[in-house]
Amino acid sequence: MTVKHHLTDELLMAYSAGDLPEAVNLIVATHISLCDECRAALGSYDAVGGAVLDTCDTVEMSKNSLNSVLDMIHAQDSQVQDKPVSTTVQDDVLPAPLIDYIGGGLDSVRWRSAGMGVKQAILPTSKDATARLLYIPAGTAIPDHGHHGLELTLVLKGAFQDEGGYFGRGDIEVASEDLNHTPVADISEDCICLAVTDAPLKFKGLVPRIAQPFLGI
Amino acid sequence: MFTTNVLSSVCPASPVANGVKMRDSCKEHANGTKTLTEGLRNTVVPWVDDLIAVRDDRDETAFIRVFGHFGPRVKAFLMRTGMDAALAEECAQEVLVTVWNKAHLYDASRASPSTWIFTIARNKKIDVLRKQRRPEPEDLPWGPEAEPDQAEVLGLQQESEQLGRALRDLPEKQRELIEKAYFGDLSHSEIADQTGLPLGTIKSRIRLALERLRHSMK
C-alpha cells in the first residue's frame, strides 16, 4: 500500500472520540480501511480514549446488573454460536464501509449524471454533512469549485491531480475553504472518488460555515 | 525497543495465562502451566489475560471480573457524555454484553483492554445519543497463525500504561481538555496537534502489529 496523502490528526482524534458527522465518519473509516498508517494513528488516539476511561470516576452498577448481563449472554449463547462475520459482498474498488452504505458493490451504485460525463451518487447519511461517490471520466476536470467549508476527497479508483498534488487510490485530500482547486482526473483511467462536504451549521468541532456543495446539489 | 531482560523480568512471575501463547524467550519460563496468575494481571498487563480467557475459553469467571472493573467505569463515562443514570446503566450493560460477544475480535497487540472497551462504549454512545450507526473500518481478521507473540502484547500494554500515566501527569487544565474532547463536549481542533501525550511510540507498536497481520494474511 502506498498511500501518500493522509488524514489530519484533528480528524483522527475527532473520529476516535466519536464527534464527527456520519458522512465524515464514513470517509474516515473508508480511508483507514486502505491505510495502515492512519489505522495505527487512530489506534493511538483510541488509546487516549482508553486512558480517559481508566481515569474516569466510577459509578456503581445497579444491584441486578451482573445478573441481567449474564442472563443476556446466556440467552444469546444458547441461540446462536458466535461466528465470525463475513462480508458477503467483496469489491475490488469499494472497501467494506462503503459496501454497507451502497448495499452492494460498484454495480449497485445508482449514478446520476452531473454533466460533462461526470456522475455522482449521494449516499444515505445524516444531514449534517454529505457523502457522494463521484465518477470522473479520464482526463476530465471538475470545474473550479471554491467551496465553503471542509471538503474531503478520497480516491477509490484511478487518480486525480490538482494544486494539492497527485492523488491515487487510498489518498485523501483534506481541503479547507481557502483551497481553490481544480481536480483533473488522470488520463490513464476513469476516476472514482468518495467526496464529503460539511453542510451548514452542526459540524461540531470545526468552525460552522455555510456550505456550498458543488455540482449543483 | 523491547529487550529480553525486560521479558525475563516479567515471565518468571507469569506462567502461561489462560489462552496466552508464550513464545520465544518466554517459553522457557512457562513450564506449560495453564493457570491465571496474579503476576501478569496485576503488575504488567491488567485485564489482558481475563479478556483473552473470555475470548478463547468463554471463561465466565474472567468475564465477571472484567464486568466488575469496567462496568462502573463505562457507566461513569457514559454519564459524562450526557446520559442520565438509568440510560447509562442500561447502555453499560449492553457494552459488557458486546465485550462478551465480540471478544473474538480482541487483539492484545493492538489495543489494551481499556482501549478496546472504550471503543465499544463510544460506539454505544453514538448509537444511542445520535441515533446513528458508526461506519467502522474494514476488519482485519486474524487467525491462529497471526497470533501475536508475547513481547508484542507486553510492549503494547506497557505503552498503554505509560500513556495513562502521562495523561494523569499532565497539568490539570490540559488533562481536562483532553477528557472533555473524549466525553464529546469540546472541539478537537485546538488540541489534536498538541495533546502533550507521547503518541508516537504507541503508534509505531500498533503499526508493527498491523504489518505482522498483513504479512500473515498474504
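Visitor: Which helices do the buried residues of helix 9 of chain B pack against?

Guide: This is a predicted model, in which local features need pLDDT of at least 70 and side-chain atom pairs count only at pLDDT 80 or more, whereas totals for chains, interfaces and linings use all residues; side-chain values use heavy atoms, with hydrogens and water left out. Residues are numbered from 1 along each chain as its sequence is written, while chains are lettered from A and ligands numbered from 1 in the order in which they are written. Helices (H or I, at least four residues) and strands (E, at least two) are DSSP runs numbered from the N terminus, buried means under 20% relative accessible area, exposed over 50% and partly exposed in between (1.4 Å probe, protein chains only), and contact means heavy atoms within 4.5 Å. On these terms, the buried residues of helix 9 of chain B pack against helix 5 (60-80), helix 7 (113-129) and helix 8 (150-169) of chain B, together with, from chain A, helix 1 (9-17) and helix 3 (36-55).

Visitor: How far apart are the end C-alpha atoms of helix 9 of chain B?

Guide: The expected span of a helix is 1.5 Å times one less than its number of residues. Helix 9 of chain B (residues 172-183) has twelve residues and should therefore span 16 Å, which agrees with the separation of its end C-alpha atoms, 16 Å.

Visitor: Which residues of helix 9 of chain B are buried, and what phi does B:Gly184 take?

Guide: The buried residues of this helix are B:Ile178, B:Glu179, B:Ala181, B:Tyr182 and B:Phe183. Just after the helix, B:Gly184 takes a positive phi, of about 95°.

Visitor: Why is the pair of B:Trp47 and B:Phe70 edge-to-face, and how far apart in sequence are the parts that the pair ties together?

Guide: Rings of Phe, Tyr and Trp (its six-membered ring) pair if their centres lie within 6.5 Å, with planes under 30 degrees apart counted as stacked, over 60 as edge-to-face and the rest as tilted; a search of the whole structure finds eight such aromatic pairs over all chains. The centres of the B:Trp47 and B:Phe70 rings are 6.0 Å apart and their planes lie at 70°, so the pair is edge-to-face. B:Trp47 lies in the loop between helix 3 (38-44) and helix 4 (48-57) of chain B, and B:Phe70 in helix 5 of chain B, so the separation in sequence of the parts tied together is 23 residues.

Visitor: Are B:Trp47 and B:Phe70 buried or exposed?

Guide: B:Trp47 has a relative accessible area of 18% and is buried. B:Phe70, at 0% relative accessibility, also counts as buried.

Visitor: What is the geometry of the pair B:Phe77 and B:Phe183, and which residues make up the cluster that ring pairs link?

Guide: B:Phe77 and B:Phe183 form a tilted aromatic pair, 5.6 Å centre to centre with 55° between the planes. B:Phe77 lies in helix 5 and B:Phe183 in helix 9 of chain B, so this pair ties together parts that are 106 residues apart in sequence. B:Phe77 counts as buried at 1% relative accessibility, as does B:Phe183 at 3%. The cluster linked by ring pairs consists of B:Phe77, B:Phe118, B:Tyr182 and B:Phe183.

Visitor: Over which rings do B:Arg58 and B:Arg133 lie?

Guide: A charge sits over a ring if NZ of Lys or CZ of Arg is within 6 Å of the ring centre and within 35 degrees of the ring normal. At 4.2 Å from the ring centre, B:Arg58 lies over the face of B:Trp100. At 4.3 Å from the ring centre, the charged end of B:Arg133 sits over the ring of A:Tyr101.

Visitor: Which residue of chain A does B:Arg110 touch?

Guide: B:Arg110 is found in the loop between helix 6 (85-101) and helix 7 of chain B, and at 19% relative accessibility it counts as buried. Not counting residues up to four places away in sequence, B:Arg110 touches residues including B:Leu140, B:Leu156, B:Ile206 and, in chain A, A:Arg39.

Visitor: In what order do the strands of the open sheet in chain A lie?

Guide: Two strands pair if DSSP finds at least two bridges between them. Strand 5 (residues 160-162) and strand 6 of chain A pair in the antiparallel sense over three bridges. The edge strands, each pairing on one side only, are strand 6 (165-167) and strand 8 (184-185). The three strands of this antiparallel sheet lie in the order 6-5-8.
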